[in-house]
Amino acid sequence: TISDGFDEGGFSQADSVESYLLHLQAAGSESLADLIRRSKNSGHPIDCIIYDAFLPWALDVAKEFGLLAVAFFTQPCCVNYMYYLAYNGLLEVPGDKSSPVKIPGMPEMAMSDLPSFVAVAGSYPAYFELVLRQFYNAERADAIFVNTFYELEAELVDIMSAIYPTLTVGPTIPSKYLDERAPDDNDYGLDLFISSDSDSCADWLSTKPEGSVVYVSFGSMAALSQDQMHEIAFA
């Protein structure tokens, strides 16, 4: 496993998001390098590292050992390209919030259509730095995998392919729910809740009338205050 530097309590053990990300890079780089060494000594050396683009330090470690490195961008091309432009200072966001935002390969958008990192200056600065740093060494990657498919974002895939060696590998949905070519492939490999929690949620939902429950998701990075939670609950 790869350590995040907080092996006892994980993210909750860190003083701040910034502190967590710094420790993750330091401890993660060290433990990844150790894993590569141990694999080599075991007679089963690693040839290639496929890493989440949010962890670009993995590419630096891979190149230290002369390995192939492939960045996996888990978001679609439209989002990645927006962050690419922002990282390179090429994203033109109008000062007037009523003016449309124009980005090559995309329809005109309102400011509210953009990721909040971009639309609201200063919001979630640590995470904004995280999404931008996906590109600080991306040109050294041997390939870029993107969670999309060509027909969905053809123009944007072509734009990104002119910048990086880009391959579409999406949608990353278990085969059972997509094309059923592998019927046993029915697990995403990541669960936010233990199975007992999932069962409890499903049982609770079954007691409610159809169409009476609203599911609201703010993603994995939003941090709402108590007042905001109350406002949502009584909306």
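Predicted model: local features only at pLDDT ≥ 70, side-chain atom pairs only at ≥ 80, totals over all residues.
**Helix H3 passes helix H6 in a left-handed crossing.** Residues are numbered from 1 along each chain as its sequence is written, and side-chain values use heavy atoms, with hydrogens and water left out. Helices (H or I, at least four residues) and strands (E, at least two) are DSSP runs, numbered from the N terminus. H3 covers residues 77–87 and H6 covers residues 154–161; their axes come within 9 Å and cross at roughly 45°. That angle makes H3 oblique to H6; angles under 35 degrees count as roughly parallel, over 145 as roughly antiparallel, 65 to 115 as roughly perpendicular and the rest as oblique. The axes are lines fitted to C-alpha atoms, for helices over the stretch in contact, and angles run from 0 to 180 degrees between N-to-C directions. On the H3 side, look for Cys77, Cys78 and Tyr81, and on the H6 side for Leu156, Val157, Ile159 and Met160; contact means heavy atoms within 4.5 Å. Sorted by type, the residues of this contact are seven nonpolar, no polar and no charged. Here Ala, Val, Leu, Ile, Met, Phe, Trp, Tyr, Cys and Pro count as nonpolar, Asp, Glu, Lys and Arg as charged, and the others, Gly among them, as polar.

**Which parts of the chain cover the buried residues of H3?** Eight of the 11 residues of H3 are buried, so this helix is largely enclosed by the rest of the structure. Buried means under 20% relative accessible area, exposed over 50%, and partly exposed in between (1.4 Å probe, protein chains only). You can pick out the buried residues of H3 as Cys77, Val79, Asn80, Tyr81, Met82, Tyr83, Tyr84 and Leu85. Their cover includes strand E2 (68–73), helix H4 (116–119), helix H5 (125–132), strand E3 (143–146) and H6. Just after H3, Gly89 takes a positive phi of about 70°.

**Helix H1 packs against helix H2 at an angle of about 35°.** H1 spans residues 17–41, H2 spans residues 57–64, and their axes are 10 Å apart. This crossing is right-handed. H1 brings Leu24, Gln25, Gly28, Ser29, Leu32, Ala33 and Ile36 to the contact, and H2 brings Trp57, Ala58 and Val61.

Within H5, the buried residues are Ala126, Tyr127, Leu130, Val131 and Leu132. H1, H3 and H4 are among the elements that cover them.

**The loop between strand E4 and helix H7 holds Pro171 and Glu180.** The bond from Gly170 to Pro171 is cis, with omega near -5°. Glu180 has a positive phi of about 60°, although it is not a glycine. Is Glu180 buried or exposed? Glu180 is exposed, with a relative accessible area of 57%.

**Ser212 sits in the loop between helix H7 (195–206) and helix H8 (226–233).** Its relative accessible area is 41%, so Ser212 counts as partly exposed. A polar atom of the Ser212 side chain lies 2.6 Å from the backbone oxygen of Pro209.

**Stepping back, the protein chain has eight helices and four strands.** Along the sequence, their pattern is α-β-α-β-α-α-α-β-α-β-α-α. The C-alpha atoms fill a box of roughly 60 × 45 × 45 Å, taken along the principal axes. Of the 235 residues, 32% count as buried. Among contacts between residues at least 6 apart in sequence, 49% join residues at least 24 apart.

How values were computed
Left-handed = near helix turned anticlockwise from the far one by under 90°. Polar contact = N/O pair within 3.5 Å; in protein donor to acceptor, adjacent residues only side chain to side chain.
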